[in-house]
Amino acid sequence: LLEAVARAAAAEPGVRLALCGEAEGADRRIAAAGLSGRVRWLGRLDDDAMPGFFRDLDLLVIPSRLEGHAIVGIEAMASGVPVISTRCGGPEDYVVDGVNGYLTGHDPSEIAGRIVELTRDRARRDRLAAGARRSAERAYAPGAFDRALQRIWRSVWHEAL
């Protein structure tokens, strides 16, 4: 992610990165990547702070090699934030290229290209943001999630939940 952001920032000076969570040695890695002035390190956020964190984002990047469902992507989409994710497993179930975000390979240049694209093209970013919100509502709103869970339960166990 840091390499991708450094490349994106070289092409688009306004690129900034907000990070939350815990990562040992992150400050050192951020400085080594030359991103000290571009990264806002928020540390661990509690559940009450997360909606505000998502609302402040233009996009969310999931740069994983291997990932489970990655609920963070769905949380971002529910907040109207498009997702750029590497092809790493879970996000491939809900990130749809050009609809609510983009799936990329693991090459930092490819990730940077998508970051720059959405930074420069606000109309495209806004279309993906609207698609992200719609996608989250359709699949993960309580009623939709309940119907899907019941359908899956019946298909596996041949009984109602």
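Trainee: At a relative accessibility of 37%, does Asp-126 count as buried, partly exposed or exposed?
Mentor: This is a predicted model, and the values that follow are computed from it. Buried means under 20% relative accessible area and exposed means over 50%, with partly exposed in between. The relative accessibility of Asp-126 is 37%, so this residue counts as partly exposed.

Trainee: With which residue does Asp-126 form a salt bridge?
Mentor: Side chains of opposite charge can pair when their charged atoms come close. A salt bridge needs a side-chain nitrogen of Lys or Arg within 4 Å of a carboxyl oxygen of Asp or Glu. For Asp-126 the closest N and O atoms of the bridge are 3.1 Å apart, and the partner is Arg-125.

Trainee: Is Arg-125 buried or exposed?
Mentor: The cut-off for a buried residue is under 20% relative accessible area. Arg-125 has a relative accessibility of 8%, so it counts as buried.

Trainee: Which residues are linked with Arg-125 and Asp-126 in a network of salt bridges?
Mentor: The pair of Arg-125 and Asp-126 is itself joined by a salt bridge. The network links these two with two further residues, Asp-58 and Arg-122.

Trainee: How many salt bridges does a search of the whole structure find?
Mentor: The bridge between Arg-125 and Asp-126 is one example, and the side chains of Glu-12 and Arg-120 form another, at 2.8 Å from N to O. For the whole structure, the search gives a total of 10.

Trainee: How many residues apart in sequence are the parts that Glu-12 and Arg-120 tie together?
Mentor: Glu-12 is in the loop between α1 and β1, whereas Arg-120 belongs to helix α5. Arg-120 counts as exposed, at 53% relative accessibility. The pair therefore ties together parts of the chain whose separation in residues is 108.

Trainee: Which helix holds both Glu-117 and Arg-114?
Mentor: The side chains of Glu-117 and Arg-114 meet in a salt bridge of 2.8 Å, N to O. Glu-117 is buried at 18%, while Arg-114 is partly exposed at 25%. The two residues are 3 apart, about one turn of their helix, which is α5.

Trainee: How many charged residues does the contact of α5 with α6 have?
Mentor: The axes of α5 and α6 come within 5 Å and cross at roughly 100°, which makes the two helices roughly perpendicular. In the contact, Glu-117, Leu-118 and Arg-120 of α5 meet Arg-122, Arg-124, Arg-125 and Leu-128 of α6. By class there are 2 nonpolar residues and no polar ones, and the number of charged residues is 5.

Trainee: What is the phi of Ala-70?
Mentor: Most residues other than glycine have a negative phi. Ala-70 is found in the loop between β3 and α4, and it counts as buried at 11% relative accessibility. Although Ala-70 is not a glycine, its phi is positive, at about 60°.

Methods: Residues numbered from 1 in each chain as written. Predicted model: local features only at pLDDT ≥ 70, side-chain atom pairs only at ≥ 80, totals over all residues. Heavy atoms only, no water. Helix = DSSP H or I, 4+ residues; strand = E, 2+ residues; numbered from the N terminus. Buried < 20%, exposed > 50% of the residue type's maximum accessible area, 1.4 Å probe, protein only. Axes fitted to C-alpha atoms, helices over the stretch in contact; angles between N-to-C directions. Parallel < 35°, antiparallel > 145°, perpendicular 65-115°, else oblique. Contact = heavy atoms within 4.5 Å. Nonpolar A, V, L, I, M, F, W, Y, C, P; charged D, E, K, R; others polar.
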